[in-house]
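Subject: Model handover

Hello,

Please find the structure below, with the sequence alongside. My notes on what was found follow.

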Amino acid sequence: LAQVFVAAMAHVVVLGGGGREHCIAVTLAKSEKVHRVTLSPGNGALLPSKVETCGLSLMPPEFSDVLQFCKDHGVALVVVGPEQPLVDGVADALCAAGIPVFGPSKAAAELEGSKAYSKQLMERLGVPTAAFGVFQGPTCAADAKAYIEKNGVCVVKASGLCAGKGVIVPTSREEALAAVDEMTQFGSASEILVVEELLDGPEVSLFAVSDGETVVPLIPAQDHKRIFDGDRGPNTGGMGAYAPAPICSQEMVAQIMDTVLKPVVQGMKAEGRPYVGCLYAGLMLSSKGPRVLEFNCRFGDPETQVVLPMMSSDLFDLLYACAVHKLAELPPPAFHDGFAVTVVMASGGYPGSFTKGHEITGVAEASSREGVTVFVAGAGRKDGAMVTSGGRVLAVTAHRAELPAAIKAAYDGVSDIDFQGKFFRTDIAAKAM
């Protein structure tokens with residue numbers, strides 16, 4: 001494989017500064033084919049010797065800082081973590097400069113950047129999803145409310161990027177109507193609204209990787225979006241996850257591949273927007289079968305922090321094969337037996353307002369536990385100490401042969417860690433028991 005893909009030891013750049021990117025960088029560093037990983041901007045995490053951080057500007061549309069760094073250092077692969085640089089066209093700039101990149105073009109990233117485009121694409125391709133209406137212009141709010149009056153309780157979504165928070169799932173028609181007005185908080189992202197049928201059933205996240213033609217699934221995970229135990233309270237970026245999700249069998253994964261992921265990759269290629277990168281399908285396992293809730297154009301957070309630690313095959317091989325359009329030449333990715341669970345530790349007040357700069361203790365103790373890894377998201381360094389800098393601060397991941405043991409080990413790790421105002425859900429993965 002080394003001959004097929006990379007002749008020499010590779011230098012990889014990972015763009016992003018969250019827990020997802022920390023996890024991607026650490027997993028890539030385990031590859032014998034990778035001699036160096038540059039994480040930009042990174043965060044306050046303690047990193048393995050192969051991983052360094054630097055602060056590259058992500059100024060569109062040229063992304064000249066990233067391009068110059070890649071040329072100066074002979075970078076073999078760039079992996080883009082967050083959605084915003086992809087929607088801004090960072091992959092296009094890298095491709096034009098001949099630098100292999102794992103992440104979709106600006107045109108393909110519209111799959112996440114515009115929920116309206118995503119829903120209309122699914123409609124064209126016959127991909128199963130909730131019934132919907134798209135509204136924009138001067139009568140946007142009135143038209144959206146008229147749709148709700150006609151159809152009853154509906155989910156209300158801002159079409160643009162809202163850091164995972166631009167979706168309101170009401171419990172009554174009145175809440176749905178009020179949600180239309182609440183969308184103004186998302187500014188330009190809510191100039192177009194998507195209002196859709198409220199589906200019922202368990203949710204599952206399935207990541208797949210694609211080189212624009214071939215698409216290969218990873219293992220299914222289940223996220224916990226709501227802030228409070230029992231899936232109550234407002235939506236967040238995600239408060240924890242586990243993988244594999246037993247509710248999504250291998251047969252179900254095959255069905256999702258055939259009805260969702262393959263048609264989307266083939267359809268986007270046919271429409272002149274070949275999709276290279278991680279295609280993340282958020283799905284509802286409804287009584288009528290799997291239905292797509294949303295697509296994301298990158299690895300999800302915190303699901304990445306359970307899916308990648310379960311991988312036993314080489315992540316670099318997989319991502320590089322996608323970037324150079326040779327995924328069909330690679331054997332399918334392999335995974336460890338057992339289960340991984342991650343629990344997100346957040347700042348008190350998240351997803352609303354919260355204070356920053358609080359010292360974090362106990363990360364080393366938690367990390368010293370067998371099979372436990374602490375991925376750093378919203379934390380930086382001040383006078384040598386790790387301090388809080390964001391809403392979601394840490395994700396504590398544990399891998400065990402059985403799910404109950406993985407849950408216990410993750411929470412044992414959480415119990416080692418302290419910071420002012422720390423908050424976490426106590427029921428991550430309980431729904432799988």
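Met9 is partly exposed because its relative accessibility is 47%, where buried means under 20% relative accessible area, exposed over 50%, and partly exposed in between, with a 1.4 Å probe and protein chains only. Met9 belongs to the segment that precedes strand S1 (10-16); helices (H or I, at least four residues) and strands (E, at least two) are DSSP runs numbered from the N terminus. Apart from neighbours within four places in sequence, Met9 is in contact (heavy atoms within 4.5 Å) with Glu32, Lys33, Val34 and His35. Its C-alpha atom is 26 Å from that of Ala208, which lies 199 residues away along the chain.

This is a predicted model, in which local features need pLDDT of at least 70 and side-chain atom pairs count only at pLDDT 80 or more, while totals for chains, interfaces and linings use all residues. Residues are numbered from 1 along each chain as its sequence is written, and side-chain values use heavy atoms, with hydrogens and water left out.

On cysteines: with a disulfide taken as a pair of cysteine sulfur atoms within 2.5 Å, the count is zero. For Cys248, the nearest cysteine sulfur belongs to Cys278, 15 Å away. Cys248 is buried, since its relative accessible area is 6%. For Cys278, the nearest cysteine sulfur is that of Cys297, at 9.1 Å. Cys278 counts as buried because its relative accessibility is 1%.

For cavities and pockets, a 1 Å grid over the protein atoms alone was used: a cavity is a set of points where a 1.4 Å probe fits but cannot get out, a pocket is an open set with protein on both sides within 12 Å along at least five of seven lines, and lining residues have an atom within 4 Å of a point. Grid points are joined across faces, edges and corners, and a volume is the space filled by probe spheres set on the points. The second largest cavity has a volume of about 30 Å³, and the structure holds two cavities of 30 Å³ or more.

Pro302 sits in the loop between strand S17 (289-296) and helix H10 (304-307). Another cis bond runs from Ala243 to Pro244, with omega near -10°, and Pro244 is in the loop between strand S15 (240-243) and helix H9 (250-270).

The second largest pocket has a volume of about 330 Å³. Of its 16 lining residues, Lys165, Val167, Ile168, Pro234 and Asn235 lie nearest the centre.

Two residues other than glycine deserve a look for positive phi. Phe63 has phi near 50° and lies in the loop between strand S3 (51-53) and helix H2 (64-73); Phe63 is buried, as its relative accessible area is 1%. His325 has phi near 60° and lies in the loop between helix H11 (315-323) and strand S18 (339-347); His325 counts as exposed because its relative accessibility is 52%.

Regards
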